Amino acid sequence: QVQLVESGGGSVQAGGSLKLSCVASGYIYKQLAMSWFRQAPGKEREFVSTVTTGGTTTYADSVKGRFTVSQDNAKNTLYLQMDSLKPDDTAMYFCKILIFPRGSVTTVSYWGQGTQVTVSS
């Protein structure tokens, strides 16, 4: 079992910055990628950014140029630096890890509980 704990959310004004963290614990046999998703009230959960174990990063068009994803493998921690925040960025932000369990050829995903980000105009 893998546990993910997000932190770093809060309330900021438009144009401000926040840095989210996601710490993974438990047995991780083979990690493939870690990602950030977000979900605003009344909306579906949407992809924000991902980073593979090889270091390849991908971003949603809505956050490109403003958000930066990174990871510290030694600390099993994923980060999301969010700059130039907009009210539309207001959402619960979730961390996800994609792994191969030991002895399996099927991937498994685990999710954190989320951290709230609120951006006021």
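How many aromatic pairs does a search of the whole structure find? The search finds two, where rings of Phe, Tyr and Trp (its six-membered ring) pair if their centres lie within 6.5 Å, and planes under 30 degrees apart count as stacked, over 60 as edge-to-face and the rest as tilted.

Colleagues, before the details, a word on the source. This is a predicted model, in which local features need pLDDT of at least 70 and side-chain atom pairs count only at pLDDT 80 or more, while totals for chains, interfaces and linings use all residues. Residues are numbered from 1 along each chain as its sequence is written, and side-chain values use heavy atoms, with hydrogens and water left out.

I begin with the rings. Phe-37 and Phe-47 form an edge-to-face pair, 5.7 Å centre to centre with 75° between the planes. This pair links distant parts of the chain, with Phe-37 in strand 4 and Phe-47 in strand 5 (residues 46-52), 10 residues apart; strands (E, at least two residues) are DSSP runs, numbered from the N terminus. The rings of Phe-37 and Trp-111 have centres 5.0 Å apart and planes at 65°, so this pair is also edge-to-face. Trp-111 lies in strand 10 (residues 108-111), so its pairing with Phe-37 ties together parts 74 residues apart in sequence.

Phe-47, at 31%, is partly exposed, and Trp-111, at 35%, is partly exposed.

I turn now to charges. The structure holds four salt bridges, each a side-chain nitrogen of Lys or Arg within 4 Å of a carboxyl oxygen of Asp or Glu. Arg-38 meets Glu-46 at 2.6 Å, N to O, and Asp-89 at 2.9 Å, N to O. Arg-38 lies in strand 4 (residues 30-39) and Asp-89 in the loop between strand 8 (77-82) and strand 9 (91-100), so this bridge ties together parts 51 residues apart in sequence. Arg-38 is buried at 5% and Asp-89 is buried at 2%, whereas Glu-46 is partly exposed at 37%. Salt bridges link Arg-38, Glu-46, Arg-66 and Asp-89 in a network.

Another salt bridge joins Asp-61 and Lys-64 at 3.2 Å, N to O. Here Asp-61 is exposed at 66%, and Lys-64 is partly exposed at 49%.

Definitions and conventions:
Buried means under 20% relative accessible area, exposed over 50%, partly exposed in between (1.4 Å probe, protein chains only). Helices (H or I, at least four residues) and strands (E, at least two) are DSSP runs, numbered from the N terminus.
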